[in-house]
Each structure stands twice: as structure tokens, then as C-alpha cells.
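Visitor: Hello! I am new to protein structures and would like to learn how to read one. Could we look at an example together?

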Amino acid sequence: MQTSADKRNPSSTGVDRRRFVSTLLSVGGLAITGRALEWQPDFGWADKAAPDAAAPTLVRYPQKTELILLTDRPPQLETPSRYFLSDLTPNDAFFVRWHLSGIPTSVDPNSFRLEVSGKVSKPLSLSLNDLRSKFEPVSLVAFAQCAGNFRSWFEPRVPGGQWGSGAMGNARWKGARLKDVLDAAGVQAGAVQVGLRGLDVPPSDKTPVYQKSLPIDRARDGEVMIAYEMNEAPLPMLNGYPIRLIVPGWYATYWVKALSSISVLDQPLKTFWMDKAYRIPDNAEANEEPQHLAPATVPITEMVVHSIFVNPKPGEQLRVGQHYELAGVANDGGSGIRQVEVSTDGGQTWNDAKLGTDLGKYSWRTWRSQWAPSAKGTYKLMVRATSNGGQKQATAQWNRSGYQRGVVEQQNVVVA
Amino acid sequence: MSRQICSWMLLAVVTAVAFAQQSGPRSSSAPKQTAGDAQVQQITLPKYPGEVPPGPNVDVYKKDCLTCHSSRYVAMQPRFPKAVWQSEVKKMVDAYGAPIPEADQAPIVEYLVAVKGVEAPPATSPPAK
């Protein structure tokens, strides 16, 4: 297992190069004088030394704090990992991902309308006040994650948005049930899907409009929500103001931002965004080999169980004999996290981590584990989670688009 | 297409001041909103286009690619073999409707290989999204 995890893990690629550099530096420092014990490795420098691993560029967008810039047009911004030590991700630190450069930059909440049309007996045009006053408000903590989160951790590398760990966040959402809105419109017999789109527009009339669809049963399960609040505040514009769809347990590609149109369909929606993009190999672990691509692909839907280290950070150096709190988060696709286990010896032995607050089955779960390394050296840390549904993490995984990462993660750490 | 982009930019200019006071730290989420006193929400997108590295046919790349997205889409990628870049350009044209004349496609691939190519391809297949 270890061997295959090694192959698929970031620590076998650029991250390891950086750690290798830092190890050399620290060894050199210790050889000179005891004062070097106070020296902290400059990993920004080490990052720059590694190809394709430039130090992250931090930027500030409207209503957002400093986030890691992937792209500016359209904006794709990562949340720095330190925010993942908290149960809820602040709105201003929540990741941003738009597909098309024509993103909404001005919304009048008085004139905004959500149109509900298609195979319904009574098409609706709902104002924000309608959504707030005519439907029972519901509240739910749900974990959001881009389908391509961790794409840059796959090896061999694949093209696409080169996300690290920061295309995810956990928030309390409040809104109206999609089911209640559909019931008010009266779904007609023969409906199979709902089509969803938002206010964003393509830069060219030949570019496909960003549209997604949900199976009608998922749309009417009573849990999918049209959210008008995020952590008890309006949504930031870049996270979908004034309303966004919340599809708990499913990847955020379905969580359509600035949701403006719901269309009940009696035929599956034909769109690039369902038929060509956001597809994974048709097997449980979304796994395939570069030389043997899976013959069939399906749309990505439910999130898989996964866990990561937040502390230590890549390249962080620990002191021998000192107590250290390993920490991170784990998530799954809607049953909740039953167990997180940590190994400090490359997977030979595992210890249960202490789980953080349980905020509901669609929330992520923080975890912590105390460790006091008794000898100097390089340690291979690993973390794995098990869901309440019994789902365990894959031990090897790769796919051509870098989606649905669920492999057991490994992190090397130097103890000096 | 450029007309749509221009209108977005114009909107951005018009609303330029709106978020100057709201871009401070943590407390800067949208103004408190209650039913009845809702005000227009506007933001101005900052520009962080990054540098466009020089290379063969860089002007073709700028003209055809950077109308729809910034150069950071390329800058964030690791190095890939030529086959991957050919596939990416084809995807932009066929799937995303990028208005790239056929005669420009090979020169763009040449540019991408010059700035983000590898000579010895790793064991990867062209993406088939």
C-alpha cells in the first residue's frame, strides 16, 4: 500500500523537492553552531527554487481577505490552509471559482428574480423577498469542495486549474428548500431533471453557458437548498450573491452561483458542462492509468471520503521531544466522519485522532492528534478517514482530469 | 464577443468606488442586509494579469487566447508535452468556442511548448475531457 501511495502522492513530487532542500539547509545549519536551532527554514525561498512551485501570490478581492491567486480572469482564488483548523470557513476567506469571464459584478436585490420554468404547472418568478417569506427557512452546515481540489497533487500532473488544498470550505447555509420551490411551481409528470444556471455569461456567443443539471429525485430530496445566507450574512458577490444552490454532499460544480434560472426538464440537459466536462472514470475510486484510460466516464457527483494534514505544513520543521499537535480535516459525501487515523511511521501503525465538533453529516470534521517525536529524522506521516457509511480512502488514485481526490495522503516531516 | 467584454469592463469602471471601503480585513463581508432595505451590490474586479512570458508567436497567443481568460491560465500549469498543449488548444476551440483561426492554432501550440513544454514527455496521455 505504501508503495502505491508513494507513487500517487505529492510528497513524491515537487513537495518532496522542497523538503529535500529544506533538509539540506537545516542539516548545514546545525553543523555550524547551536544558534542554528533557532533558525527557521525559509520555505518561500525553497518554493521558488523548485520548478512549477512558485511561492503563492496572495491577493485581495472585493469582500474577501487575502487569498491565494490561481487566476484573475475569471477569478479563481484558494483559501490558505490555516483556515481549515476552524469548524466554519469565514465568508471572506471562502474559495472562489468561476468558469466564465463574464461574472456578475452588480446585482440589484430588489429587481433580481429567480425564474422557475419548464415542465411545471405554474411558472414562477421569485424575488428575494419571496424566497425569504413564502418558503420555510432551513439551515444546514455543508462542506463545499471544487471537483478539482488537489489537482496539483496528482502525479503525473494533469492540465486544468492547478489547485492545492484550498478549493474547499465549510459554511452554515440558510435558505429555502429547492423541493418547496418546485412544489410551489408544480412539477409535472415526466420530469427527469432540473437544469440550473446563474447570472454569469460566456465571453463569446460560441462558448457554452455554464449550466448544470440535477436528477429530479435529488432536486426534490428536501436537502438541496437555495441559499440566501452564508454564515449568517449575505453571500459575497464572488461566492454567488444573492443566492446559490447548495447540493449537500456533492461537489461544488453543482452549487450554481448567482442562481437565476431553474428549468424542469423531461429530457436530460444537453450541455458541455455535463456531457464533456466534470466527468470521471466510471469506477468507485475515479481511478485509471495514464496508459489505460477508463473506457467509460460519468458525471462527477457525490464527494468521496478524504482527509488531509493542515499541521504540519509542507516543509515545517519539528523539534525532537517536543509535543506537537497534528491537525487537519476530513470529509465525505454525506454520512459524516466516523474515524480519522494518523500514522507517523509510514502506515505501519495507526492511532485514532480526536475528532472536532460534529456539525452534521454534511459538514467536514476537524481532527487533532498529539505527537512527541522521540528521535531526529524524517518521518512519513499519513492520515486516513472512515465515513459513517463505512467508506474508506483509496490507497492509489489517478485520473486524467484530476478530479475527486480521495487517496490516503502522506506528508514527510523533518524532526531535528 | 469583445463588445460583451467591454460592457463588463465598463460596468467595472462605473462601480469602481463601490468596494474601496469594503475591502478591509475580516469584517468586510457584504453589508448587513434585511428584507426591505436591500441595496445594489457592486464589486470591481481587480486586475492581476501577471506577466506574459516572451516566446515565439506571443502576439498570436495574446490576440487569440487572452480575450477570454488571462495568461495566468497558462502560467499556473506545470510543463507538459506538446501533445497535451495541442489537445488543450483543440479543446478551447472545439469545446469552449474560442475564436481562434485554424492558421493560428499551430503557432499558439508552438508558443505554449516554448513557455510550458517538456522535451521528454512524462508517462501521461493527452487529456480527453
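Visitor: How many bridges join E2(A) to E3(A), and do they run parallel or antiparallel?

Guide: Good place to start! Strands of a sheet pair through backbone hydrogen bonds, either parallel or antiparallel. Here E2(A) and E3(A) run antiparallel and are joined by 4 bridges. One bridge links A:Ile68 with A:Glu78 in E3(A). The two strands form a hairpin with 2 residues between them. Strands are DSSP runs of E with at least two residues, helices are runs of H or I with at least four, and both are numbered from the N terminus. Two strands pair if DSSP finds at least two bridges between them.

Before we go on, this is a predicted model: local features need pLDDT of at least 70, side-chain atom pairs count only at pLDDT 80 or more, and totals for chains, interfaces and linings use all residues. Residues are numbered from 1 along each chain as its sequence is written, while chains are lettered from A and ligands numbered from 1 in the order in which they are written.

Visitor: What is the order of the strands in the open sheet of chain A?

Guide: The order is E1-E2-E3-E4, with antiparallel pairing. Strands E1 (58–60) and E4 (96–97) stand at the edges with a single partner strand each, so one side of each has no neighbour in the sheet. E1(A) pairs with E2 (residues 66–72) over 3 bridges, and A:Val59 stands opposite A:Leu67 there. At the other end, 2 bridges join E3(A) to E4(A), where A:Gln76 has A:Arg97 as its bridge partner.

Visitor: Which residues point each way from strand E3 of chain A?

Guide: A:Pro75 and A:Leu77 point one way, A:Gln76 and A:Glu78 the other, and all are buried. Buried means that 20 or more other C-beta atoms, placed from the backbone, lie within 10 Å of the residue's own.

Visitor: At what angle do helices H2 and H5 of chain B pack?

Guide: Two packed helices are described by the angle between their axes and the distance between the axes. H2 (residues 58–65) and H5 (residues 102–116) of chain B pack at about 115°, with axes 9 Å apart. That makes H2(B) roughly perpendicular to H5(B), a word used for angles of 65 to 115 degrees. Among the residues that meet are B:Tyr61 in H2(B) and B:Ile108 in H5(B); contact means C-beta atoms, placed from the backbone, within 7 Å.

Visitor: How many helices and strands does chain B have?

Guide: Chain B has 5 helices and 1 strand, running α-β-α-α-α-α from the N terminus on.

Notes
Axes fitted to C-alpha atoms, helices over the stretch in contact; angles between N-to-C directions. Parallel < 35°, antiparallel > 145°, perpendicular 65-115°, else oblique. Contact = placed C-beta atoms within 7 Å. Buried ≥ 20, exposed ≤ 12 C-beta atoms within 10 Å, placed from the backbone.
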